[in-house]
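Here are my notes on this one, written as numbered points. Keep the structure open beside you while you read.

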Amino acid sequence: MFYREAGDFKTSYAADNQTFPILFDRYRYYFVLFVGVAIIPFIINDYWANSILIPFLIYAIAAIGLNILTGYCGQVSLGTGGFMAVGAYTSYKLMTAFPGLDMISITLLSGAMTAMVGVAFGLPSLRIKGFYLAVATLAAQFFLIWLFNKVPWFYNYSASGQISAPERDFFYFINIPVTGPNAESWAKYLFCFLFVFVLAWVARNLTRGSVGRQWMAIRDMDIAAEIIGVNPLKAKLTAFAASSFYVGIAGALLFTVYLGAVEVGEAYGITKSFLVLFMIIIGGLGSIFGSFAGAAFMVILPVVLRNILTGTMGWDSALATHFEFVIVGALIMFFLIVEPHGLARLWALVKEKLRLWPFPH
Amino acid sequence: MKKLAFIAVSAAIAAGSPAAADLVFPSLSYRTGPYAAGGIPFADGYADYMTLLNERDGGIGGVITRVPECETAYNTERGVECYESTRGEGALVYQPLSTGITYQLIPRTTADGIPLHTMGYGRTSAANGNVFSHVFNYPGNYWDAASVIVNQLLEENDGSLEGQTIALLYHNSAYGREPIRTLETLSAQHGFELTQLAVDHPGQEQGNQWLQIRRERPDYVVMWGWGVMNQVAVQEAVNIRYPMENFIGNWWAGAEHDVASVGADAAGYRSLNMNRLGDMPVFAEIQEHVIDAGLAAGDGSNLGSVLYTRGMYAAFLAAEAARTAQEIHGVAEIDASMMRDGMEALNITDEVMEAAGMPGIGPEFTVTCEDHGGTGMAIMQQWDGEAWVTLTDFIAPDDSVTQPLVEEDSAQYAEENGIEPQCAES
């Protein structure tokens, strides 16, 4: 009934190759965009923005970034937290050094800076693979955090080593603050939404183009890929660069828009690397939709659980927190047993079912 | 899935919508994670004192108090969520008990017009009320604490620390790094050598730091620790047979649970305390009205412990500020901006403390528009193997050292954020 190809005639190659070839899927996508741009900004309040939607959008960017590297190119990385910190500190230095700069430029520059750092730490991937590469990226994680703690220049010699985001505008002719305490929730939300939309669109098109095919060839079997003419140096380093660009932007937004003040060891520690890795494993490796699903699962579910357990059921907050760990952990195991390929695969199966519903064979 | 979550959250929010006309004191507590050992007694003390006011006096000025609790697990992201979820209930004052969360809440609370009370933690330069209009850190701050420790050591060493070495063992976070600037200044002034030893979150790994202490044998080890870090440090000090009376913690590193696991071997370990210990009439009343009535926030076992007492002291200061605000504005149901005025006009005297059943729990102090920091005085206490014993009376910090640092740091903040001094016109 739903998701049927019938009646949707393609008359050009472009139409045939579009991301959402099924009419119903396309409408659903437009609908989500419409709700995201034209409805949510008008009804959003501070709680929804700061506790649910903004962290979801930011972690979705990080998950897409790590998915490019791990899901599409097959290079396991545990350095996500460190790369996010690079993005955050670049933003901080740019914000304080160039007070006139707008947030879009700052965020993009932070991504570019992180891409360069990512390439530098991606060089060992040409020699080492699998678990060994994971350990090498783990070293990047610890080194970067140590660096930002150790060198006072990065935090402008403040007494506490904390960095905090001053007020900056959306874009140079859009004078709406998106950082700092006076930023409106809808502005912060739309700013993140814009980045998520553009970056997800770019990622989708990168991964199905020639670059993405090279990444996937390397992932599936690097020797075979090399024999058929894929340059592993280029493929791996572009994957590291693109991935770090995304992760850096996520780290920058986490600091500037979401948290406002950051303690590097706490906000960008090893737990953050694992969190993003779990997102893509649960969401689905090698899937853009999976990145969104994983981010939603890891960010929104704990908040929902907390609200139900303490708000609706009136549990003690400590007990609720302990149970939150139990329930989220159990759900992760359940999903991985039922569907090892993640929520993205589950979604694909649902689509298959919906197509036949209500008259299955 | 998402739709379901949406419905569930909407339902949860709708169910938790506030009943108006209470005095709301949100408690951003942490009863889980590596810092829970300190978070639990503090949160219990805070909530129990508010319950006592409700049960015994019918609230503050006739208005019932309410303490909605939100679990942060000492994590800044959860702290933000807690702030947003409790703010709408008419929160009067926030006390996050975490320096990291404090740094996030300073700009937010100021923009939202809600006062933030960071009692003996948080951003030290917030003592300058000229710049930080909505942040209060009375009765003391970290720079005061560092200065108090050095003053006490000066007294023990006949006024000179020339040539001595002091190692600072600190939690590698904003919290632990705060005293460094003061200690550096003091080190230049008094001629002692300062060694800095950072311990990373959560603080269980301290082997290297103690190896260095063992090798270099500093004359004193000063600790800025919290949570599990304190217990590990005390254990390590005992392991290398460091003379315990030369090992001094700040006021967040001197509770029963920090030393109880080592017990008698830790005897001699000293720490600061910003509130006096011992039996106070208020404990009997809490026992009677709160714990025996089954209204305690925890299991009641923490009553009278160091951090329980401090949580209760924090609640007492908040309640007195609310009372002051009620007097200033002549209304019983105050809001956050009135609460701020009350905090700024707070005057804690011996009579006030006596009346609340906690005579001499803290120093007498007055808050003004310029000075949000209180006196900064602290006592020195010592673990005798079974209990904490008060060693000294309240020791004053050296304001001539801390005050310029406060001015300098707050001026930098004011410049970065474009803040005009708020006290000038009044």
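1. Let's begin with burial in chain B: of its 426 residues, 57% count as buried. A residue is buried if 20 or more other C-beta atoms lie within 10 Å of its own, exposed if 12 or fewer, and partly exposed in between, with C-beta atoms placed from the backbone. Keep in mind that this is a predicted model, where local features need pLDDT of at least 70, side-chain atom pairs count only at pLDDT 80 or more, and totals for chains, interfaces and linings use all residues. As for labels, residues are numbered from 1 along each chain as its sequence is written, while chains are lettered from A and ligands numbered from 1 in the order in which they are written.

2. Now the overall build. Chain B has 15 helices and 15 strands; helices (H or I, at least four residues) and strands (E, at least two) are DSSP runs, numbered from the N terminus. The radius of gyration of chain B is 21 Å, close to the 22 Å that the globule rule gives for 426 residues, so chain B is as compact as a globular protein of that length. That radius is taken over C-alpha atoms, and the rule is 2.2 Å times the number of residues to the power 0.38. Along its principal axes, the C-alpha trace of chain B spans about 60 × 55 × 50 Å.

3. Next, the two domains of chain B. Domain 1 covers 17-140 + 278-376, and domain 2 covers 142-273 + 379-404; such bounds come from an automatic or database domain assignment. The C-alpha centres of the two domains of chain B lie 27 Å apart. In chain B, 17 residues of domain 1 are in contact with 23 residues of domain 2, where contact means that the C-beta atoms of two residues, placed from the backbone, lie within 7 Å. On the domain 1 side of that contact in chain B, α4(B) gives the most, with three residues. By class, this domain 1 side in chain B has eight nonpolar, nine polar and no charged residues. Here Ala, Val, Leu, Ile, Met, Phe, Trp, Tyr, Cys and Pro count as nonpolar, Asp, Glu, Lys and Arg as charged, and the others, Gly among them, as polar.

4. Where do the chains meet? The contact takes 33 residues from chain A and 40 residues from chain B. On the chain A side, α13(A) gives the most, with eight residues. That side of chain A, the one touching chain B, has 13 nonpolar, 17 polar and three charged residues.

5. Have a look at strand β7 (residues 165-171) of chain B, where six of the seven residues are buried. Strand β7(B) runs parallel to β8 (residues 193-199) of chain B, with seven bridges joining them, and parallel to β9 (residues 220-224) of chain B, with five bridges. Two strands pair if DSSP finds at least two bridges between them.

6. Which residues touch the most other members of the largest nonpolar core? Among its 229 residues, they are A:I58, A:Y59, A:I61, A:A62, A:Y246 and A:A250. A nonpolar core is a set of buried Ala, Val, Leu, Ile, Met, Phe, Trp, Tyr and Cys residues joined through C-beta atoms within 7 Å. Leaving aside neighbours within four places in sequence, A:Y59 is in contact with A:A250, A:V276, A:M279, A:A295, A:M298 and A:V299.

7. Helix α13 (residues 336-344) of chain B is mostly covered, with seven of its nine residues buried. The buried residues of α13(B) pack against β5 (116-117), β6 (135-136) and α12 of chain B.

8. Cis peptide bonds, with omega about 0°, join A:W357 to A:P358 and B:Y138 to B:P139. B:P139 sits in the loop between β6 and α5 (142-156) of chain B. B:L97 is not a glycine, but its phi is positive, near 50°. B:L97 is found in the loop between α3 (76-87) and α4 of chain B and is buried, with 30 other C-beta atoms within 10 Å. A:Y3, also not a glycine, has a positive phi of about 55°; with 17 C-beta neighbours inside 10 Å, A:Y3 counts as partly exposed.
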